[in-house]
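User: I am new to this structure. Please walk me through some of the terms used for it.

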Amino acid sequence: QVQLVESGGGLVQAGGSLRLSCAASGNIFSINDMGWYRQAPGKQRKLVATITSGGSTNYADSMKGRFTISRNNAKNTVYLQMNSLKPEDTAVYYCNADLLEYGSSRMDYWGKGTLVTVSS
């Protein structure tokens, strides 16, 4: 069984910073892309950023320059450094991983999410 566990969410004032972490564990052979998505109340889940196993990154336009995604392949962990946070960044942030389990096929996995609340 594969699990993705996020941590690092919380309450922060506008202009502040938070660092999210997501660790993948279980019967993992390899991990391809990892990423972060977010879902604000009453809205659809949207892309925040993704990172390939080789370190290539992709960001949603509204996050460019404020958020930085990184990963530690040895630890099967992806991070999201969020700076200059705005109230509109308030959302549940979900970790995603495209990975291959031993003896299984390639699949997409999601964490349960971590809540980020930015106060004005």
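Analyst: Start with a side chain: that of Thr77 reaches the backbone oxygen of Lys75 at 2.8 Å. Keep in mind that this is a predicted model.

User: What makes the pair of Thr77 and Lys75 a polar contact?

Analyst: The cut-off is 3.5 Å between N or O atoms. Thr77 and Lys75 come to 2.8 Å, so the pair counts.

User: Why is Thr77 called buried?

Analyst: Buried means under 20% relative accessible area. Thr77 has 9% relative accessibility, so it counts as buried. Thr77 lies in strand 8, residues 77-82. Beyond its neighbours within four places in sequence, its contacts are Cys22, Ala23, Met34, Ser70, Arg71 and Asn72.

User: How do you know that strand 1 and strand 3 pair?

Analyst: Pairing takes at least two bridges. Strand 1 (residues 3-7) and strand 3 (residues 18-25) have five, so they pair, in the antiparallel sense.

User: Which residues touch the most other members of the largest nonpolar core?

Analyst: Trp36, Leu80, Met82 and Tyr93 do, in a core of 31 residues. Strand 9 gives the most to this core, with five residues. Contacts of Tyr93 include Trp36, Leu80 and Met82, and also Glu6.

Conventions: Residues numbered from 1 in each chain as written. Predicted model: local features only at pLDDT ≥ 70, side-chain atom pairs only at ≥ 80, totals over all residues. Heavy atoms only, no water. Buried < 20%, exposed > 50% of the residue type's maximum accessible area, 1.4 Å probe, protein only. Helix = DSSP H or I, 4+ residues; strand = E, 2+ residues; numbered from the N terminus. Polar contact = N/O pair within 3.5 Å; in protein donor to acceptor, adjacent residues only side chain to side chain. Contact = heavy atoms within 4.5 Å. Core = buried A, V, L, I, M, F, W, Y, C linked by side-chain atoms within 4.5 Å.
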